[in-house]
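Subject: Structure handover

Hello,

Here is the structure for you to look over. My notes follow below it.

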Amino acid sequence: MTGIEPEDPLALHPVDGEEGSVGGIDAARFRSVLGHFATGVTVVTTANAVGTPAGLSVNSFTSVSLDPPLVAFCVARASTTWPRIRALGSFCVNILSQDQEDLSRVFATRGADKFRGVGWRPAESGAPVLAGALGWLDCTVEAEHEAGDHVIVVGRVRDTGVEHEEGPLVFYRGGYGRFQP
Ligand SMILES: Cc1cc2nc3c(=O)[nH]c(=O)nc-3n(C[C@H](O)[C@H](O)[C@H](O)COP(=O)(O)O)c2cc1C
């Protein structure tokens with residue numbers, strides 16, 4: 001991987017009162033250790049026919065089940081996008097390419113005009129498929145599980161697509177990089 005700029009991984013998810021020791025575990029160390037787990041980056045979007053689309057950057061995405069086809073991600077309870085997804089009951093997971101670091105940063109900025117200048121088309125659910133994403137999964141909300149300051153959202157996959165093959169955006173220790181086999 002290249003271009004990794006170690007930053008403070010504590011800046012990732014906005015959670016109140018996370019300084020010091022939480023449940024006997026040092027919060028800073030906890031986040032630092034988790035930051036050593038490299039992930040891809042997705043943008044989870046939602047929209048209906050009317051109204052503005054919404055979305056946020058997510059690296060807690062994972063596959064769950066092949067039969068039935070299920071995926072999941074964890075969303076902070078403080079997220080402003082989550083209530084929109086919950087109300088609509090559907091979302092689209094966009095897997096970012098190595099050239100979409102800027103998109104990841106914008107969709108991680110609360111209050112930003114996130115879709116300004118961003119090309120997209122609606123998936124079957126109406127949720128945005130972002131131009132340039134490597135692939136996407138259009139989902140309906142199958143289940144939600146309270147998990148501390150986050151919610152584990154399980155989605156049933158309704159449609160999928162692979163758009164490009166040029167390589168994923170990688171997130172590691174608070175910085176972005178590329179995958180090099
Ligand atoms: C690489 C990266 C991964 C992230 N992963 C998650 C995640 O899995 N879950 C989450 O709730 N927030 C995650 N965030 C933070 C949200 O994207 C950020 O808090 C965003 O502003 C939330 O937007 P909203 O409040 O408009 O929904 C991530 C941020 C970055 C940069």
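Over which residues does pLDDT stay under 50, with five contacts beyond four places in sequence? That is residues 14-18. Keep in mind that this is a predicted model. Residues 1-11 also have a pLDDT below 50. That stretch still has 31 contacts in the model beyond near neighbours in sequence. The protein as a whole averages a pLDDT of 90. A score of at least 70 is reached by 90% of the residues.

Overall picture

The protein has 181 residues, and 31% of them are buried. Its secondary structure is three helices and 14 strands. Take the contacts between residues at least 6 apart in sequence: 68% of these join residues at least 24 apart.

Around the ligand

The shell around the ligand holds 22 residues. Ser 60, Ala 76, Ser 79, Thr 81 and Ala 108 come nearest. By class, the shell has twelve nonpolar, nine polar and one charged residues. Three elements each supply at least two of the shell residues: β5 (54-58), β7 (70-76) and α3 (101-107). The largest share, four residues, comes from β7.

The loop between β6 (62-65) and β7 holds Pro 68. Is Pro 68 buried or exposed? Pro 68 counts as exposed, because it has 9 C-beta neighbours inside 10 Å, and the cut-off for exposed is 12 or fewer. Arg 156 is 88 residues from Pro 68 in sequence. In space the two are 7.5 Å apart, C-alpha to C-alpha.

Look next at strand β8, residues 90-95. Six of its six residues are buried, so β8 is largely enclosed by the rest of the structure. In a regular strand, side chains alternate between the two faces of the sheet. In β8, Ser 90, Cys 92 and Asn 94 point one way. Phe 91, Val 93 and Ile 95 point the other way.

Which strands does β8 pair with? One is β4 (residues 42-46), joined to β8 by four bridges and running antiparallel to it. Here Val 44 has Val 93 as its bridge partner. Another is β11 (residues 135-147), which pairs with β8 in the antiparallel sense over six bridges. In that pairing, Cys 92 has Asp 138 of β11 as its bridge partner.

Cys 92 and Val 93 turn up again in the largest nonpolar core, which has 36 residues. Together with Leu 96 and Trp 136, they touch the most other members. Nonpolar side chains tend to be buried together in soluble globular proteins.

A three-stranded sheet

Three strands form an open sheet in the order β3-β13-β14, with antiparallel pairing. β3 (39-40) and β14 (175-178) stand at the edges. Each has a single partner strand, so one side of each is left without a neighbour in the sheet. Four bridges join β13 (residues 169-172) to β14. Val 170 stands opposite Gly 177 of β14.

Best wishes

Methods: Residues numbered from 1 in each chain as written. Predicted model: local features only at pLDDT ≥ 70, side-chain atom pairs only at ≥ 80, totals over all residues. Buried ≥ 20, exposed ≤ 12 C-beta atoms within 10 Å, placed from the backbone. Contact = placed C-beta atoms within 7 Å. pLDDT = per-residue confidence, 0-100. Near = placed C-beta within 6 Å. Nonpolar A, V, L, I, M, F, W, Y, C, P; charged D, E, K, R; others polar. Core = buried A, V, L, I, M, F, W, Y, C linked by C-beta atoms within 7 Å. Pairing = 2+ DSSP bridges.
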